[in-house]
Amino acid sequence: MVRQGQPAPNQPHQPQNEIVAYFYSIPYITRFILTTTILLSVAPHIKLIEYRHIALIWKDVFPKFQLWKMFTCFFIHPISFNFIFTIMFLYRSSVSLETTTFFSKPAQYVYFLILAFVSILAATSVFPLFILGGALEYAILTLWSLENAETMVQFYFGITFKAKYLPWVMAGMSFLLNASVPNDSLMGIGYSYLYNYLTKDFVAAGRINYLEAPSILEKFFPASGNTIATSQGYTATAPTTSNQGSSGGFNWGKGNRLGE
C-alpha cells in the first residue's frame, strides 16, 4: 500500500523540472563542453577566479606545473552579447556531430577534441594566444560544416549559402569588424580541414586511417546504442532533420555571432 504523498514503488524517477530534463537530454560530450565553457567564461568575469589562473601562460605551465592551463584555455570566451551566440553555435554544431558523424562513436569524438587541443597548442608557438576558446569553437563548427557541406544555412538578413562556407564567412566578418586577423579562428579551421582530409580523402585513397581513436579511449567512452543514456534515467535519440531550417538546412538566425 502506498501512502498519500509518497511515490509509487518502481516508478521511473522524474526530473525536477523541464530545464533539468532538457539539460540531461543533451549528449554528454556536448553537455560537458557547454557546461565547462559557461563556467570558465563566467567565473573570471564575476571575479570568482582570475584569468591568469586558467589562461594559457606557457611560463607557468611546465616550470610551475600548472598543466591544467593547457585544458582550461580552450573553454574561455569573453562575456558579451556575442557569448549567447557562441553557446548557440557550440550547441548546434556539437550536438549534430555527436549524434550523426560520431553517433555511437563517442571515443572518436573525444579523440577529435584531444587532437584539436594538441594541434592548436602547437600552433600557439607561431600565434601566441592566451585564450583558445574561439579556436575550439571554430574546430567544431568547421568539422560540422565539412560534414554537411551542401546543406544550406541562413545567415544575416536571410542570406543563404552552403554550410562549407560558414566558418570562412564568420572569420571574414570577424576580420572586418575587429580590423585584425582572427588567428584563433584560423587555427581551428585549419585543424578541422586537416582532420577531415586525413580521415576522409586520405583513407579513400587506400591509405591507413592514422587518426582512429586508440582502444584505451574505447574503454572510457564505449560505443552507445541507438539512444543516449542520461543520469536521470532518460534517453535522447539522435536528432532528425527537424533541427533544420525551412530551406532544408540549419537556420542560424538573424544576428548570429560573427566570430571572435
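Visitor: Is S93 buried or exposed?
Guide: This is a predicted model. In it, S93 is buried, with a relative accessible area of 1%.

Visitor: Where is S93 found?
Guide: S93 is in helix α5.

Visitor: And what does S93 touch?
Guide: Leaving out residues up to four places away in sequence, S93 touches I140, L141 and W144.

Visitor: Take I140, then. What does I140 touch?
Guide: With residues up to four places away in sequence again left out, I140 touches I33, L90, S93, S94, L97, Y109, F112, L113 and S192.

Visitor: Which residues touch the most other members of the largest nonpolar core?
Guide: F74, Y109, F112, L132 and I140 do, in a core of 54 residues.

Visitor: Which elements give two or more residues to this core?
Guide: Those elements are α2 (28–45), α5 (82–101), α6 (106–123), α7 (133–147), α8 (166–178) and α9 (183–204).

Visitor: Which one gives the largest share?
Guide: The largest share, 11 residues, comes from α6.

Visitor: Switching to α2. How does the span of α2 agree with what it should be?
Guide: α2 has 18 residues, and at 1.5 Å a residue it should span 26 Å. The end C-alpha atoms of α2 are 26 Å apart, so the two agree.

Visitor: Which residues of α2 are buried?
Guide: I29, T30, R31, I33, L34, T36, T37, L40, S41, A43 and P44 are the buried residues of α2.

Visitor: What do they pack against?
Guide: The buried residues of α2 pack against α1 (18–25), α4 (69–72), α5, α6 and α7.

Visitor: What follows α2?
Guide: K47 follows α2, and the phi of K47 is positive, near 70°. Most residues other than glycine have a negative phi.

Visitor: What about the phi of F65?
Guide: F65 is not a glycine, and its phi is positive, near 60°. F65 lies in the loop between α3 (58–61) and α4.

Visitor: Buried or exposed, that F65?
Guide: F65 counts as exposed because its relative accessible area is 66%, and the cut-off for exposed is over 50%.

Visitor: And S104, what is its phi?
Guide: S104 has a positive phi of about 65°, though it is not a glycine. S104 sits in the loop between α5 and α6. At 23% relative accessibility, S104 counts as partly exposed.

Visitor: Which helix gives the most to the patch?
Guide: α8 gives the most, with 3 residues. Both α8 and α9 supply at least two residues each.

Visitor: Where is V181?
Guide: V181 is in the loop between α8 and α9. V181 is partly exposed, with a relative accessible area of 48%.

Visitor: Last one, N196. Which helix is N196 in?
Guide: N196 is in helix α9. N196 counts as buried, at 15% relative accessibility, because the cut-off for buried is under 20%.

Visitor: What does N196 touch?
Guide: N196 touches L143, L146, E147 and D201, not counting residues up to four places away in sequence.

Visitor: How many residues apart in sequence are N196 and L146?
Guide: They are 50 residues apart in sequence, and 7.6 Å apart in space, C-alpha to C-alpha.

Notes
Residues are numbered from 1 along each chain as its sequence is written. This is a predicted model: local features need pLDDT of at least 70, side-chain atom pairs count only at pLDDT 80 or more; totals for chains, interfaces and linings use all residues. Side-chain values use heavy atoms; hydrogens and water are left out. A nonpolar core is a set of buried Ala, Val, Leu, Ile, Met, Phe, Trp, Tyr and Cys residues joined through side-chain atoms within 4.5 Å. Buried means under 20% relative accessible area, exposed over 50%, partly exposed in between (1.4 Å probe, protein chains only). Helices (H or I, at least four residues) and strands (E, at least two) are DSSP runs, numbered from the N terminus. Contact means heavy atoms within 4.5 Å. The expected span of a helix is 1.5 Å times one less than its number of residues.
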